[in-house]
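Please keep the sequence and the structure open while reading.

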Amino acid sequence: MDSDNQEVVYEFLPLLRIYKNGRVERLLASETVPPSLQDPETGVSFKDISISSDSSISARLYLPNNHAHNHKSLPLLIYFHGGGFCLGSAFALYYHRYLHTLVSKANIIAVSIEYRLAPEYPLPIAYEDSWTALLWVLSHSQTDKPISSSSNHGKESWLNDYADFNKVFLGGDSAGANIAHNVAMRSGAHGLKFRGMYLAHPYFWGSKWIGIETDMDSEVKAVNERLWLFVNPSSVGIDDPMINPFGSGAQSLSCLGCERVLVCVAGNDSLRERGRFYCNELKKVGWEEDRVGFFESGGEGHAFHLHFPETKNAKLVIERLVSFLRC
């Protein structure tokens with residue numbers, strides 16, 4: 001057996017190992033769910049589609065059961081999965097289960113984006129893939145084509161037939177929430193404005209501690225910083241505006257390309273203060289109170305609603321998101 005296949009040259013536990021031959025072993029990988037034309041219980045349909053000439057950039061599309069009577073009237077959610085920019089997939093069981101439930105309850109179309117992961121594809125590749133995906137989705141709108149998109153545009157019938165492009169939402173959890181924020185900032189710079197954005201347990205960090213972060217274990221803080229430098233080795237550091245939207249040099253949150261924001265945090269998550277601070281900063285730059293929503297799940301950990309969907313608090317998160325997507 002080739003010794004290069006067995007020799008570990010780097011570990012980021014409990015996330016992954018890198019071997020001498022370049023192979024990356026993802027230790028927290030989830031089983032994936034194959035596409036299906038229709039779920040027998042909810043009637044939600046879902047399929048996978050390539051959205052770029054690079055097959056690594058793709059998406060899973062979800063369509064609710066009663067779509068036949070809602071021609072061009074369904075809100076559209078563009079979703080970015082989490083996983084620290086180095087794990088996760090739009091096709092993973094827990095993301096599929098989560099979006100399947102959300103589509104069924106909120107009666108929306110969802111496009112779950114599959115972007116390339118670090119360390120094989122370090123940041124900013126995930127941001128660029130996500131931007132490419134956004135432009136592909138918008139290429140289906142007859143009125144919203146301010147920016148050129150990929151050549152494979154306007155080809156998806158579910159988006160052409162059922163999506164209301166006046167009701168587009170961005171969303172994501174953890175690193176995916178970070179992506180949603182950065183996509184929204186870039187969208188604002190291009191004159192795009194979406195109906196809303198929701199950030200679940202967003203992965204933001206910085207060198208200056210906020211609120212109760214001063215009392216956190218130093219190792220927890222170190223891991224949050226270490227992860228960022230691992231997935232983005234060319235970054236200027238932990239105060240890079242992509243990870244610290246409140247730091248020096250970051251663009252004002254008043255430039256966000258969306259009308260409403262909902263931030264969800266978990267009480268036992270080391271990132272919770274950043275989510276709370278995000279909402280406060282929005283209000284400081286002029287966002288009205290009724291445009292900024294904040295929802296905290298007490299006693300819960302990071303991304304609990306994905307891994308334990310049957311719990312009471314996870315169901316409350318879904319209810320809050322459903323309400324937001326109907327605004």
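Where is the place of Pro119? The place of Pro119 is in the loop between β7 and α2, where helices (H or I, at least four residues) and strands (E, at least two) are DSSP runs, numbered from the N terminus. This is a predicted model, in which local features need pLDDT of at least 70 and side-chain atom pairs count only at pLDDT 80 or more, while totals for chains, interfaces and linings use all residues. Residues are numbered from 1 along each chain as its sequence is written, and side-chain values use heavy atoms, with hydrogens and water left out.

**The eight-stranded sheet**

- Eight strands form an open sheet with mixed pairing, in the order β4-β5-β7-β6-β8-β9-β10-β11; two strands pair if DSSP finds at least two bridges between them.
- The edges are taken by β4 (45-50) and β11 (292-297), each of which has a single partner strand, so one side of each is left without a neighbour in the sheet.
- On average, and with direction ignored, neighbouring strands of this sheet are turned by 20 degrees against each other; axes are lines fitted to C-alpha atoms, for helices over the stretch in contact, and angles run from 0 to 180 degrees between N-to-C directions.
- Strand β5 (residues 58-63) pairs with strand β7 (residues 109-114) in the antiparallel sense over five bridges, and Ser58 stands opposite Glu114 in β7.
- Helix α1 (residues 93-106) packs on the sheet, where it touches β4, β5, β6 (74-80), β7, β8 (163-173) and β9 (196-200), and its direction makes about 35 degrees with that of β5; contact means heavy atoms within 4.5 Å.
- Helix α4 also packs on the sheet, touching β6, β8 and β9, with a direction that makes about 135 degrees with that of β8.

**The packing of α2 with α4**

- Helix α2 (residues 125-138) and helix α4 (residues 175-189) pack at an angle of about 60 degrees, and their axes are 10 Å apart.
- The two helices α2 and α4 are therefore oblique to each other, given that angles under 35 degrees count as roughly parallel, over 145 as roughly antiparallel, 65 to 115 as roughly perpendicular and the rest as oblique.
- On the α2 side the contact is made by Ala126, Tyr127, Glu128, Ser130, Trp131 and Leu134, and on the α4 side by Asn178, Ile179, Asn182, Val183, Arg186 and Ser187.

**The three-stranded sheet**

- Three strands form an open sheet with antiparallel pairing, in the order β1-β2-β3, and its edge strands, β1 (8-12) and β3 (24-26), each pair on one side only.
- Between β1 and strand β2 (residues 16-19) the antiparallel pairing runs over four bridges, with Glu11 standing opposite Arg17 in β2.
- Helix α5 (residues 218-231) packs on this sheet, touching β1 and β2, and its direction makes about 130 degrees with that of β1.

**Backbone features**

- Most residues other than glycine have a negative phi, and most peptide bonds are trans.
- Ala118 and Pro119 are joined by a cis peptide bond with omega of about 5 degrees, and the bond from Leu123 to Pro124 is likewise cis, with omega near 15 degrees.
- Phe85, in the loop between β6 and α1, has a positive phi of about 70 degrees although it is not a glycine, and Phe85 is buried at a relative accessible area of 1%; buried means under 20% relative accessible area, exposed over 50%, partly exposed in between (1.4 Å probe, protein chains only).
- Ala303, in the loop between β11 and α7 (304-307), has a positive phi of about 60 degrees without being a glycine, and Ala303 counts as buried at 9% relative accessibility.
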